[in-house]
Amino acid sequence: MDMKKFTSPFLVKDIRVEDKFWKERIELARNEVIPYQWAALNDEIPEAAPSFCMHNFKAAVKLNNEKTAKGTAFKEPVFTPRGVEALPEDLRNPDDNFYGFVFQDSDFYKWIEAVGYLLAIHPDAELEKTADAAIDIVCEAQQEDGYLDTFYILNGKDKIFTNLRDFHELYCLGHLCEGAVAYYQGTGKRKLLDAACKFADYVGDYFGPEEGKCKGYPGHELAELALVRLYEVTGEEKYLNLSKFFIDERGKRPYYFDKEHPQDIKNDIDDLRYQYHQAHLPVREQDEAVGHSVRAVYLYAGMADVARLTNDEELFKACEILWHLVTDKKYYITGGIGSTHIGEAFSYNYDLPNDTAYAETCASIGLVFWARRMLEISPNSKYADVMERALYNGILSGMDLDGKAFFYVNPLEVNPEACHEDERIAHVKSVRQKWFGCACCPPNLARMLTSVGTYAYTESENSLFVHLYMAGAVKMNVDGNDINIKVSSNFPWSGEVKIDVSEVNSELTLALRIPAWSKGYTIDAPDAYVGEVKDGYLYLKGDWTSVSNFAISFKMETQIIQTNPLVRDNVGKVAILRGPIVYCAEEVDNGKNLHNLYVDITKPIREDKTLIDNEEVISLTLSGYRQMPIDGSGLYYEVRDDVREEVSLKLVPYYAWCNRGENEMMVWLRKA
């Protein structure tokens with residue numbers, strides 16, 4: 001690996017997002033999402049599931065102030081299908097014990113990360129005041145030795161780090177680090193960053209390769225990538241080394257988790273175990289994406305970070321192998337991953353059911369984290385194509401257009417009657433929820449929306465890579481000269497892009513991604529500037545003294561997509577894409593029983609503008625027919641000609657479904 005060729009993302013504050021599509025969502029985050037989620041974290045939304053997040057921090061502060069200890073009071077919490085959750089008898093008036101899931105602290109850390117990004121681009125004195133007061137509470141909850149996890153502070157510190165497999169302390173450390181870095185970069189304030197460093201130092205004193213230190217690693221990965229962020233902002237190599245230790249130690253024999261849970265060893269000691277945690281094999285030997293999908297992509301993102309910073313070719317190769325295993329065999333067309341609710345996990349190859357899909361919002365977000373880190377090492381459009389698909393589809397579908405209701409699960413086919421009556425798909429909701437007891441997804445969405453500009457570009461010496469055609473501006477310094485680059489576009493609805501470069505005397509290379517969905521492009525830059533196409537990027541090179549602007553136009557036509565026939569659920573079906581947007585049929589436009597609709601792919605497709613909850617989108621109208629019931633035929637009958645009714649099918653962007661009431665939805669439609 002050539003470290004000189006690695007690229008780096010821009011900080012949030014160094015990118016000006018002017019893109020209508022994304023700027024509206026950043027404004028939504030500022031005006032609606034962030035305030036709404038702060039209310040949820042404080043249990044102030046009556047119709048929403050309680051969080052107990054800030055309650056737990058306040059209870060820990062009270063315990064610290066009283067200087068009492070609960071070292072002998074530890075009580076094992078109750079396991080639920082989604083983790084470990086403790087609930088008070090009176091949900092709205094809890095006492096000073098810990099409540100919620102063991103990782104409840106992380107909800108605040110993700111929220112404060114989103115706030116940090118937002119303050120970097122839109123200073124807001126009132127929001128900063130609220131955030132500072134919240135940070136004061138969190139820091140007061142921290143123990144003198146640096147430990148900071150309210151579950152153990154309130155239940156008994158004698159049990160810390162005794163159940164790394166299940167109890168998420170290192171996961172919460174990771175989110176604390178990410179939130180602290182973002183808030184420091186957005187405001188310049190170090191209080192939360194110092195708290196994160198103090199906790200990371202405590203962890204670093206406890207874990208490591210040195211003799212006498214614990215050889216454990218996170219059950220739920222995230223610390224790996226977060227410690228890299230802490231290293232990059234502080235320059236302290238001990239945090240990078242700790243991340244590398246967690247990655248290198250994972251999956252070694254004898255299993256560390258066996259030491260914690262010897263009672264759970266049911267098979268031969270040599271059997272592979274802990275696939276759920278991606279801890280069944282050392283990471284460089286893993287030849288299949290398995291287990292909990294969010295944990296997996298967080299780990300893979302951390303692996304890519306460490307590979308880049310330590311120039312570890314073997315680790316990067318492992319990342320590449322896993323990338324192809326995921327995107328070639330276990331990846332929904334919407335950018336969703338994790339097809340089964342059992343363990344919120346990857347299933348076997350090509351098992352991609354539509355109606356029972358899990359496709360957790362957090363998993364698509366983690367996939368985007370991983371994609372950008374792969375781009376930093378190897379600018380290849382295959383990573384950016386997946387990143388774009390997930391951003392515009394599988395992530396945005398996780399939130400209502402008003403920013404106040406959320407999907408945890410993002411299926412590709414929904415029948416509300418089945419959601420209400422069939423326990424086998426109890427995980428699938430037909431309407432978005434106000435909040436969740438396990439609320440990892442809503443604040444994850446908030447931090448993604450407020451930092452979305454950082455996924456559009458990366459830079460390397462005198463090169464700018466444009467991965468997403470998000471209208472906005474960035475500034476680079478090349479050979480001591482500031483270069484301003486402005487991108488104008490109306491993505492995702494139009495493929496027309498304009499790029500302006502300030503006139504300078506330095507040589508600059510622009511690498512423009514050619515999207516996989518585009519069937520061609522035209523560019524009006526001078527021939528002398530247009531170079532080779534490599535790994536899906538068109539390279540333009542020049543000193544930019546004679547030309548300061550040019551346009552590139554990508555063909556954005558409707559595409560009819562079919563699946564590899566090994567995906568049993570999609571045989572004989574098609575999906576419709578236009579540019580980066582995946583489309584779906586909804587009952588509100590097409591009537592009930594969408595499974596009886598057939599698409600005639602030989603007929604032209606009409607594009608129209610449609611309003612959904614005051615957002616203008618491009619809808620598609622296709623020709624087709626509906627299979628009608630045959631009177632008196634009963635449940636089963638001998639084959640005969642179908643009774644068909646010609647219909648026009650209206651499709652809307654998948655991300656916007658379920659904003660017009662509860663109704664059926666389907667992405668994959670039968671082909672006539």
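In which sense, parallel or antiparallel, do strand β13 and β16 pair, and over how many bridges? The model examined here is a predicted one, and in it strand β13 (residues 521-523) pairs with β16 in the antiparallel sense, over three bridges. Within this pairing, Thr 522 stands opposite Ser 553 of β16. Strand β16 (residues 549-554) is also joined to strand β11 (residues 496-501), and here five bridges connect two strands that run antiparallel; Asp 500 has Asn 549 in β16 as its bridge partner. In general terms, strands of a sheet pair through backbone hydrogen bonds, and the pairing may be parallel or antiparallel.

**An open sheet of six strands**

Another part of the model holds an open sheet of six strands, whose order is β1-β7-β8-β12-β15-β14 and whose pairing is mixed. The edges are formed by β1 (8-9) and β14 (530-534), each of which pairs on one side only. Inside this order, strand β7 (residues 457-460) and strand β8 (residues 463-466) run antiparallel and are joined by four bridges, with Ser 460 standing opposite Ser 463 in β8. Helix α14 (residues 381-395) packs on the sheet, where it touches β12 (508-513) and β15 (537-542), and the direction of the helix makes about 55 degrees with that of β12.

**Two helices that cross**

Two packed helices are described by the angle between their axes and by the distance between those axes. For helix α2 (residues 53-66) and helix α4 (residues 125-141), the axes come within 8 Å and cross at roughly 50 degrees, and α2 and α4 are therefore oblique to each other. The crossing of α2 and α4 is left-handed. On the α2 side the residues that meet α4 are Met 54, Phe 57, Lys 58, Ala 60, Val 61 and Asn 64, and their counterparts in α4 are Ala 134, Ile 137, Val 138, Glu 140 and Ala 141.

**Salt bridges**

Side chains of opposite charge can pair when their charged atoms come close. The structure holds 45 salt bridges, and three of these pairs are listed here with the distance between nitrogen and oxygen.

| Lys 244 | Asp 248 | 2.6 Å |

Lys 244 and Asp 248 both belong to helix α9 (residues 237-249), in which they lie four residues apart, about one turn of the helix. Lys 244 counts as partly exposed because its relative accessibility is 27%.

Elsewhere, salt bridges that share partners join Glu 232, Asp 305, Arg 308, Arg 372, Arg 373 and Glu 376 into one network.

Technical notes
Residues are numbered from 1 along each chain as its sequence is written. This is a predicted model: local features need pLDDT of at least 70, side-chain atom pairs count only at pLDDT 80 or more; totals for chains, interfaces and linings use all residues. Side-chain values use heavy atoms; hydrogens and water are left out. A salt bridge is a side-chain nitrogen of Lys or Arg within 4 Å of a carboxyl oxygen of Asp or Glu. Buried means under 20% relative accessible area, exposed over 50%, partly exposed in between (1.4 Å probe, protein chains only). Two strands pair if DSSP finds at least two bridges between them. Contact means heavy atoms within 4.5 Å. Axes are lines fitted to C-alpha atoms, for helices over the stretch in contact, and angles run from 0 to 180 degrees between N-to-C directions. Angles under 35 degrees count as roughly parallel, over 145 as roughly antiparallel, 65 to 115 as roughly perpendicular and the rest as oblique. A crossing is left-handed if the near helix is turned anticlockwise from the far one by less than a right angle, and right-handed if clockwise.
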